[in-house]
Amino acid sequence: MDLKTDNRAERVAARKARQDTNLFSRLSAAAIASRGQAQRLLKSAAGLSVTEWRVLWDLNEAGPLSIQDIASIQRTDHSLISRALPKMSEKGWVKAVRNCDDKRQSLVELTKAGTAVLAAAAPTMKRRRESLAEAFTPQELDTFLHLLERFERVVEHPVDVEPSSEDTP
């Protein structure tokens, strides 16, 4: 292809059309769009970040949790949670409590202030979940989650890569 004479807009459109069928690219773009939407909604509803919202919601639903518990529930790295908690504690939304079962471990607990800020954001986030339910049937959502689980299993395992000709003598 002669890049100087071909119409750049056509090249971009052709490449975009090809990338629109790339599942890796599409899932990444969808996740970024979803997070951006959540950030805008949470910021305007209660001044929360997505991580703060998810921590507060998890603590409200499951009670006191360890950082590892929260990270496991959210399918994220525990360092993300660890970085968010000091600010959340300073704001009075969470507090550390001693684990009765294992005195060496602290648990994170929701406070009254945390419950209040969660309540401020909850209607907006509920509406967000309802808009998803309006766009998809329960069966479609089940299928989507099933397919997503299969995709996650595929990407969690290493891919066998044949050595390139440069790697072989």
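Colleague: Which element supplies the largest share of the lining of the largest pocket?
Modeller: α2 does, with nine residues. This is a predicted model: local features need pLDDT of at least 70, side-chain atom pairs need 80 or more, and totals for chains, interfaces and linings use all residues. Numbering runs from 1 along each chain as its sequence is written, and side-chain values use heavy atoms, without hydrogens or water.

Colleague: What makes a residue part of a pocket lining?
Modeller: An atom within 4 Å of a pocket point (1 Å grid, 1.4 Å probe, open set, protein on both sides within 12 Å along at least five of seven lines). For the largest pocket, 32 residues qualify; Ala31, Ser34, Arg128, Leu132 and Leu148 are the closest to its centre. Its volume is about 1700 Å³, the space filled by probe spheres set on the points.

Colleague: Which residues line the second largest pocket?
Modeller: Leu23, Arg26, Leu27, Ala30, Phe144, Leu147, Leu148 and Phe151. Seven are nonpolar, none polar and one charged. The volume is about 160 Å³.

Colleague: Why is a set of residues called a nonpolar core?
Modeller: Because its members are buried Ala, Val, Leu, Ile, Met, Phe, Trp, Tyr or Cys, joined through side-chain atoms within 4.5 Å. Buried means under 20% relative accessible area (1.4 Å probe, protein chains only). The largest core here has 23 residues; Leu48, Leu56, Leu59, Met88 and Val94 have the most contacts inside it. α3 gives the most, five residues.

Colleague: What does Leu56 contact beyond its neighbours within four places in sequence?
Modeller: Leu48, Met88, Trp93, Val94, Leu110, Gly114, Val117 and Leu118. Contact means heavy atoms within 4.5 Å.

Key. Buried < 20%, exposed > 50% of the residue type's maximum accessible area, 1.4 Å probe, protein only. Helix = DSSP H or I, 4+ residues; strand = E, 2+ residues; numbered from the N terminus. Nonpolar A, V, L, I, M, F, W, Y, C, P; charged D, E, K, R; others polar.
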